[in-house]
Amino acid sequence: MSAAEKFIRERLEERRENGSYRTLKPENNLVDFYSNDYLGFARSSTLKQWIDDEIAANQRVLNGSTGSRLLSGNLTYTETLERQIADYHKAEAGLIYNSGYDANIGLFSALLQRGDTIISDELIHASIIDGARLSYANRYTFRHNDLVSLEEKLKHAKGNCYVVIESVYSMDGDTPPIKEILAITQKYHAELIVDEAHAIGLYNNGLINKLALEKEIFARVVTFGKALGCHGAVVLGSKTLREYLINFSRSFIYTTAASFHQIASVRMAYKMLPQATNEIEKVRSNIQLFKKLIVGAKGDLLPSDSSIQCLVVGNNQKAKTIASELQSAGLDVRPILNPTVAKGSERLRICLHSFNSDIEITLLSEILHQYTL
Ligand SMILES: Cc1ncc(COP(=O)(O)O)c(C=O)c1O
């Protein structure tokens, strides 16, 4: 066996031993308490029809984009959509990437220079960590949502400094004190960047718009694969930032552009979002119902008003056992294991949607009461 083969086998064995071995699972017909399709857009037959109609109305477009946006892959349609999306989020400009992962990698690796500083919340998404790692900047984290810890790090910042947060955290579902973080960031002449992946939909066009902070934020990342039910992402910011990214952002430049079909889906999802008031109301009431019913269950329910509700049960095995009990009862809830989350904070991550019924939510909380005893 080669040294490389031995290495990968050992790494996999370690995972099996500590209960964190990952496998791909096929789709199923269980009740969805785990996907990011918060408003049901991915399964919406109306949206599907709109996308089909949009594609049919643009018969001359190609099946694939044929190249990078900088070469053969750019469409006037995409640039028009970027302006529409920017307007909707009250930003000066927007640049579409093929995924949220690409957007964060491309934004941070392009922005951060040797001697600069990035300070991110310790729970920040992997795509931001990876983007920062591709730079030569100084990287610091601050304790989750902790203003004192943030200020401590800001005092030592050098060069251009960027503070990065999510407006709804992907693994905890909570929201940081955005205004307070912004005030401290500005006190140290640093820039704030906000990833809004999980805030879009539940909070309409995002929490930054809700708080009317759009003019104060250096850049926002909005992803299309969650409440919008499609795929891709946009970086929102100034016109200059957009031009800079077109020139320097490698995950934008060195990749084939999204196909017309993908961009048309995003356009139709953005057409649907302002009309989705019933879905938004329903997911909000489902969140309230779940929070009411779960009171008294053992395990630590993390503070969250979002679609992401987490019950910390403390170890990989317990999280897996409870998830498999729920799956046997027809409810798909996924365990979030270490090393994705810190040891001791292994959890059940429950995603609530507009299409979950009261009966399903009641059954879910009954089983959670039973198995977290
Ligand atoms: C906060 C956050 N940012 C970025 C991403 C990446 O987005 P995408 O799935 O579109 O690559 C995710 C998705 O997991 C996320 O949760």
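Me: In E13, which residue is the bridge partner of Val 312?
Reply: This is a predicted model, in which local features need pLDDT of at least 70 and side-chain atom pairs count only at pLDDT 80 or more, while totals for chains, interfaces and linings use all residues. Residues are numbered from 1 along each chain as its sequence is written, and side-chain values use heavy atoms, with hydrogens and water left out. Strands (E, at least two residues) and helices (H or I, at least four) are DSSP runs numbered from the N terminus, and two strands pair if DSSP finds at least two bridges between them. E10 and E13 run antiparallel and are joined by five bridges, and in E13 the partner of Val 312 is Arg 347.

Me: Which residue of E13 stands opposite Ile 336?
Reply: Strand E13, residues 347–351, pairs with E12 in the antiparallel sense over three bridges. The residue of E13 that stands opposite Ile 336 is Arg 347.

Me: What is the order of the open sheet of four strands with antiparallel pairing?
Reply: The edge strands, each pairing on one side only, are E9 (300–301) and E12 (334–336). A hairpin of six residues joins E9 to E10, and these two strands pair over two bridges in the antiparallel sense. The order of the sheet is therefore read, with pairing as defined by at least two bridges, as E9-E10-E13-E12.

Me: How many of the five residues of E10 are buried?
Reply: Buried means under 20% relative accessible area, with over 50% counted as exposed and values in between as partly exposed, using a 1.4 Å probe and protein chains only. Of the five residues in E10, the number buried is five.

Me: Is Thr 185 buried or exposed?
Reply: Thr 185 is found in helix H7. Contact means heavy atoms within 4.5 Å, and, leaving aside neighbours within four places in sequence, Thr 185 is in contact with residues including Leu 150, Val 163 and Leu 192. Because its relative accessibility is 0%, Thr 185 counts as buried.

Me: Which residue in E6 is the bridge partner of Glu 166?
Reply: Strand E5 (residues 161–166) and E6 run parallel and are joined by five bridges. In E6, the partner of Glu 166 is Asp 195.

Me: What is the order of the open sheet of seven strands?
Reply: E6 also pairs with E7 (residues 219–223), in the parallel sense over three bridges, whereas E2 and E8 (residues 233–237) run antiparallel and are joined by five bridges. The pairing in this sheet is mixed, and the order of its seven strands is E2-E8-E7-E6-E5-E3-E4.

Me: What area do domain 1 and domain 2 bury between them?
Reply: The contact takes 26 residues from domain 1 and 21 residues from domain 2. Buried area is the accessible area (1.4 Å probe) that two parts lose on being put together, summed over both. Carbon and sulfur atoms carry 59% of the area that domain 1 and domain 2 bury between them, which is about 1800 Å².
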